[in-house]
Structures are given as C-alpha cells and as structure tokens.
Amino acid sequence: MLGDGKSVVLSFDDGPAPLSALENILATLRLNEIKAEFYVLGSEVEQYPDAARMIAREGHAIQNHSWSHSDLERATARNVRLDLEDTQAVIADATGVIPTKVRPPYGAGGFRGHIDPELAEVARELSLSIVTWDIDTEDWGTPQGLGPEKIANIENQFTQQPRKTLFNIIMHVQRGTARDLPSFIDQLRDWGFTIVDPENL
Ligand SMILES: [Zn+2]
C-alpha cells in the first residue's frame with residue numbers, strides 16, 4: 001500500500017481563527033487521538049489568545065507562521081526580526097510555549113536550496129528551524145476542503161516521492177478542511193500511513 005511503513009504529520013496553518021473551524025478540527029483530532037502542529041499568525045493570537053491556549057492545552061505543537069502573513073523573503077532583515085520576535089512573544093504570552101519552528105508564509109525563502117539568508121540568520125538567533133511541507137493539500141483552492149479532486153492530487157504527490165518515509169502535510173484552519181478532516185484521516189489510514197505526533201520525532 002501507498003503508506004506501508006511510512007508516517008505523516010498533520011499541520012494546520014493560518015490559525016487560530018476562524019474559531020468554529022478550529023474547534024471542529026481540534027474535536028476531530030481528539031476523537032482520533034492525533035497530535036498535530038499549528039502554525040499560527042501573531043496578529044490572530046493577539047486577537048484570540050484563548051484559542052491559542054486551546055491548541056496548546058490539547059497537546060498540539062504551536063509554531064510561528066509570522067505576524068500577519070507577509071512575504072518574509074522580500075522583507076528586510078530588520079522587519080523579519082521584528083515580525084518573528086513579536087510573533088514568538090505573543091505566542092509565549094498567550095500559551096507559555098516558545099515555538100521552535102517557523103513556516104514562512106507561502107514557503108517563501110524556506111525551501112531547501114532557496115533559503116533566504118536574512119530569514120536564516122533571524123531564525124538562528126531565535127532558535128527556530130525553518131520548515132515547509134512535503135504534501136500540499138491545496139485545501140484552500142476552490143472548492144475549499146479535501147474533496148475527491150484534492151485526494152487524487154495528494155495521492156499523486158505521495159507516489160512521486162517513493163523513497164520518502166515521513167511527510168509533513170499542510171492544511172489550513174478553515175471550514176471546508178474542518179468538514180473533510182474525518183474522511184481525510186480515514187483515507188490516510190486506509191492507505192497505510194501512521195499519523196505521528198510531531199513532538200515525538
Ligand atoms: Zn499561511
């Protein structure tokens with residue numbers, strides 16, 4: 001099978017809002033006994049600190065996705081530093097957790113072989129690893145969520161990386177994804193993948 005002997009980590013970007021989608025996603029993860037990682041925006045954590053706390057309290061990893069989703073590759077070193085520092089601080093204030101990873105918006109400046117030097121420097125100062133993803137669900141694309149056409153595309157991405165044994169799957173905190181997450185988890189398990197806790201890697 002596609003996922004025999006292979007593992008996946010589920011990750012969700014752009015939270016913690018919208019809150020109804022977040023609550024729905026957290027409930028599905030709890031029911032399936034899955035720990036995931038959430039790359040949150042500082043501006044949304046400032047607005048919804050309780051939602052950020054809810055993510056951490058449920059045992060998920062909470063990580064840095066910039067303050068307001070700007071392109072960090074194009075930003076000056078000074079602005080990258082302010083952006084990531086402010087985001088680290090607001091997450092720590094809300095949850096008591098200090099993020100260890102940053103996923104730059106759009107993956108800009110974060111892909112291996114194309115790492116932005118200023119982003120790398122600031123990430124090093126803040127003890128953040130720069131991460132991207134292995135499987136792009138494109139859950140934001142119309143129709144939003146993880147419907148059949150998205151599943152076919154995801155299956156194809158797995159097939160094209162035959163030697164890889166651990167995959168980070170990127171999704172977003174949004175209604176369509178929340179709706180389709182239970183069936184997506186079933187699909188991953190039907191394919192034979194083990195869904196692992198990102199903190200145990
Ligand atoms: Zn994003």
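A residue is called buried when its relative accessible area is under 20%, exposed when that area is over 50%, and partly exposed in between, with a 1.4 Å probe and protein chains only. The structure shown above is a predicted model, in which local features need pLDDT of at least 70 and side-chain atom pairs count only at pLDDT 80 or more, while totals for chains, interfaces and linings use all residues. Residues are numbered from 1 along each chain as its sequence is written, and side-chain values use heavy atoms, with hydrogens and water left out.

Helices (H or I, at least four residues) and strands (E, at least two) are DSSP runs, numbered from the N terminus. In H5, the buried residues are Leu119, Ala120, Val122 and Ala123. Among the elements that cover them are H4, S4 and S5, where contact means heavy atoms within 4.5 Å. After H5 comes serine 127, which has a positive phi near 55°.

Two other helices may be considered together. The axes of H1 (residues 19-31) and H3 (residues 49-57) come within 11 Å and cross at roughly 10°. Such axes are lines fitted to C-alpha atoms, for helices over the stretch in contact, and angles run from 0 to 180 degrees between N-to-C directions. Angles under 35 degrees count as roughly parallel, over 145 as roughly antiparallel, 65 to 115 as roughly perpendicular and the rest as oblique. H1 and H3 are therefore roughly parallel to each other. Leu19, Leu22, Glu23 and Leu26 of H1 meet Ala51, Met54 and Ile55 of H3 in this contact. Its residues divide into 6 nonpolar, no polar and 1 charged; here Ala, Val, Leu, Ile, Met, Phe, Trp, Tyr, Cys and Pro count as nonpolar, Asp, Glu, Lys and Arg as charged, and the others, Gly among them, as polar.

The metal site comes next. Asp14 (OD), His65 (NE2) and His69 (NE2) coordinate the zinc ion at 2.1 Å. Donors are N, O and S atoms within 2.8 Å of the metal (3.2 Å for Na, K and Ca); water is not among the atoms, so sites may look incomplete. Along the chain, the donors follow the spacing D-x50-H-x3-H. Because aspartate 14 lies in strand S1 (residues 7-15) and histidine 69 in the loop between strand S3 (61-64) and helix H4 (77-95), the pair ties together parts that are 55 residues apart in sequence.

Aromatic rings form further links. Rings of Phe, Tyr and Trp (its six-membered ring) pair if their centres lie within 6.5 Å; planes under 30 degrees apart count as stacked, over 60 as edge-to-face and the rest as tilted. By this rule there are 7 aromatic pairs. One of them joins phenylalanine 111 and tryptophan 133 edge-to-face, at 5.2 Å centre to centre and 85° between the planes. Phenylalanine 111 is partly exposed, with a relative accessible area of 32%, whereas tryptophan 133, at 19%, counts as buried.

Phenylalanine 167 and phenylalanine 193 also pair edge-to-face, at 6.1 Å centre to centre and 85° between the planes. Phenylalanine 167 lies in strand S7 (residues 166-172) and phenylalanine 193 in the loop between helix H7 (175-190) and strand S8 (194-195), so the pair ties together parts that are 26 residues apart in sequence. Their C-alpha atoms are 9.8 Å apart in space. Both residues are buried, and phenylalanine 167 has a relative accessible area of 1%. Together with Phe158 and Trp191, Phe167 and Phe193 form one aromatic cluster.
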